[in-house]
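Colleague: I have the model open on my screen and would like to go through it with you. Could you walk me through it?

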Amino acid sequence: MQLVSTIEPLRATISEWRRAGLRIGFVPTMGNLHDGHLELVRRARETADKVVVSIFVNPLQFDRAADLAAYPRTLEQDCERLGELAELVFTPTPELMYPNGQHQQTKVSVPGVSEVLEGALRPGHFDGVSTVVCKLFNLVQPDVACFGEKDYQQLALIRKMTADLNLPVEIIGVPTVRADDGLALSSRNGYLTEAERALAPELAATMNWLAERLAAGERDLERLAADGRARLDSAGFRTDGIDMVDADTLTPLTGESRAVVILMAAFLGKARLIDNQVVAL
Ligand SMILES: Nc1ncnc2c1ncn2[C@@H]1O[C@H](COP(=O)(O)OP(=O)(O)OP(=O)(O)O)[C@@H](O)[C@H]1O
Ligand SMILES: CC(C)(CO)[C@@H](O)C(=O)[O-]
Ligand code: BAL
């Protein structure tokens with residue numbers, strides 16, 4: 001596996017692969033790789049000849065400075081975990097990605113989806129995500145890119161950006177990888193104390209409970225969200241958001257809606273955990 005941190009050798013390798021007619025798969029990450037990330041890499045492998053993984057803790061998408069400072073950076077361990085699963089790992093610095101500083105950077109902003117739900121809770125977050133992913137797509141020039149369904153709204157944002165800008169990249173969504181007790185794998189799980197980690201599966205359990213009630217025909221969404229919030233808060237979480245919206249449009253349910261997505265976000269100690277589940281209507 002080739003480790004590259006500047007643009008010139010990245011472009012040289014990509015050009016060589018493209019000239020040889022090889023199909024390039026891409027998995028953007030912020031590092032601290034776990035089995036969820038490896039599943040994305042395996043999925044990319046299935047469809048591509050060469051796989052590129054980027055590891056970049058993108059300052060543009062952090063709305064809290066403390067969150068950015070604390071974010072785990074474990075490059076050596078990440079490269080060991082990847083082994084030969086990827087041909088190239090791209091690890092740019094913030095200076096390389098934003099040479100004129102973050103304020104002077106041209107931004108990509110996806111209307112609608114970037115502003116609601118998680119976008120309203122984390123101002124500027126999704127503009128940071130769409131901007132960095134667009135730049136990474138231009139650098140890596142992948143045929144296909146894999147994103148986790150765990151970040152449901154992010155996946156919707158990337159799909160819309162790719163379609164709206166006619167980017168020649170196929171986007172694949174990969175189902176959430178979970179620990180045996182149901183907790184969605186996340187780099188931020190590492191912030192949990194042992195006691196908090198034992199409590200953490202309650203987030204998925206509460207989500208499943210809401211999903212069952214929806215599947216059984218309950219439609220009072222305000223009541224469901226309030227019940228979910230009460231259950232999480234009494235278990236020791238600080239609920240940040242529980243939303244139930246149209247799974248295709250991320251807007252309020254209508255008579256036309258085919259499925260609802262439950263979007264959960266809650267703080268547990270220092271960690272902000274998210275999860276989601278789609279329920280057919
Ligand atoms: N449990 C998981 N299952 C499947 N995909 C995942 C999982 N966790 C993260 N991903 C995906 O991996 C990609 C990189 O995500 P990222 O590096 O932010 O990891 P993360 O574990 O979600 O970290 P964070 O705690 O910051 O959210 C994204 O497409 C994300 O959706
Ligand atoms: C897609 C991404 C790598 C962009 O920085 C990030 O938002 C993530 O890790 O999900
Ligand atoms: N996994 C989404 C990236 C973030 O939380 O900043």
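Modeller: One definition before we begin: helices (H or I, at least four residues) and strands (E, at least two) are DSSP runs, numbered from the N terminus. Please also keep in mind that this is a predicted model.

Colleague: Fine. Where does Q141 lie, then?

Modeller: Q141 sits in the loop that links helix 7 to strand 5. The phi of Q141 is near 50°, which is a positive value in a residue other than glycine.

Colleague: And how many other C-beta atoms does Q141 have within 10 Å?

Modeller: There are 19 other C-beta atoms within 10 Å of Q141, so this residue is partly exposed. A residue is buried if 20 or more other C-beta atoms lie within 10 Å of its own. L250 is buried, because 20 other C-beta atoms lie within 10 Å of it. L250 also has a positive phi, of about 60°, although it is not a glycine, and its place is in the loop between strand 7 (238-246) and strand 8 (259-268).

Colleague: Back to strand 5: why is it described as largely enclosed?

Modeller: Strand 5 is largely enclosed by the rest of the structure because 4 of its 5 residues are buried. It is joined by 5 bridges to strand 6 (residues 170-174), and the two run parallel, with I172 in strand 6 as the bridge partner of C146. Together with helix 8, strand 5 and strand 6 make a right-handed β-α-β unit. Strand 5 also pairs with strand 2 in the parallel sense, over 2 bridges, and there the bridge partner of F26 is A145.

Colleague: Now strand 3: how many of its residues are buried?

Modeller: Strand 3 (residues 50-55) is mostly covered, with 6 of its 6 residues buried. In a regular strand the side chains alternate between the two faces of the sheet. Here K50, V52 and S54 point one way, while V51, V53 and I55 point the other way, and all of them are buried.

Colleague: Which strands is strand 3 joined to?

Modeller: Strand 3 is joined to strand 4 (residues 88-90) by 3 bridges, running parallel, and F90 in strand 4 is the bridge partner of S54. Strand 3 is also joined to strand 2 (residues 24-29) by 6 bridges, again with the strands running parallel, and F26 stands opposite V52. The chain passes from strand 2 through helix 2 to strand 3 in a β-α-β crossover that is right-handed.

Colleague: Changing topic to the ligands, which residues come nearest to ligand 1?

Modeller: Ligand 1 has 18 residues around it, of which G36, G148, L185, S187 and R188 come nearest. Two elements give two or more residues to this shell, namely helix 2 (35-47) and strand 5 (144-148). Helix 2 gives the most, with 4 residues. The shell divides into 7 nonpolar, 7 polar and 4 charged residues.

Colleague: And what surrounds ligand 2?

Modeller: Ligand 2 is surrounded by P28, T29, M30, N58, Q61, V129, V132, V133, D151 and Q154. The elements giving two or more residues to that shell are strand 2 and helix 7 (125-140), and the largest share, 3 residues, comes from helix 7. By class, the shell around ligand 2 has 5 nonpolar, 4 polar and 1 charged residues.

Colleague: What about the domains, and where are their bounds?

Modeller: The domain assignment gives domain 1 as 2-174 and domain 2 as 187-280, and their centres, taken over C-alpha atoms, are separated by 26 Å. Across the boundary, 12 residues of domain 1 are in contact with 10 residues of domain 2. On the side of domain 1 that touches domain 2, the elements giving two or more residues are helix 6 (118-121) and helix 8 (152-164), and the largest share, 3 residues, comes from helix 8. That side has 8 nonpolar, 3 polar and 1 charged residues.

Colleague: Last one: which residues does T13 touch, leaving out those up to four places away in sequence?

Modeller: With those left out, T13 touches Q2 and L88. T13 is found in helix 1 (residues 7-19), and it counts as partly exposed because it has 19 C-beta neighbours inside 10 Å. From C-alpha to C-alpha, T13 and A230 are 53 Å apart in space, and they are 217 residues apart in sequence.

Note on methods. Residues are numbered from 1 along each chain as its sequence is written. Chains are lettered from A and ligands numbered from 1 in the order in which they are written. This is a predicted model: local features need pLDDT of at least 70, side-chain atom pairs count only at pLDDT 80 or more; totals for chains, interfaces and linings use all residues. A residue is near a molecule or strand if its C-beta atom, placed from the backbone, lies within 6 Å of it. Ala, Val, Leu, Ile, Met, Phe, Trp, Tyr, Cys and Pro count as nonpolar, Asp, Glu, Lys and Arg as charged, and the others, Gly among them, as polar. A residue is buried if 20 or more other C-beta atoms lie within 10 Å of its own, exposed if 12 or fewer, and partly exposed in between; C-beta atoms are placed from the backbone. Two strands pair if DSSP finds at least two bridges between them. A crossover is right-handed if, with the strands pointing away from the viewer, the path from the first strand over the helix to the second runs clockwise. Domain bounds come from an automatic or database domain assignment. Two residues are in contact if their C-beta atoms, placed from the backbone, lie within 7 Å.
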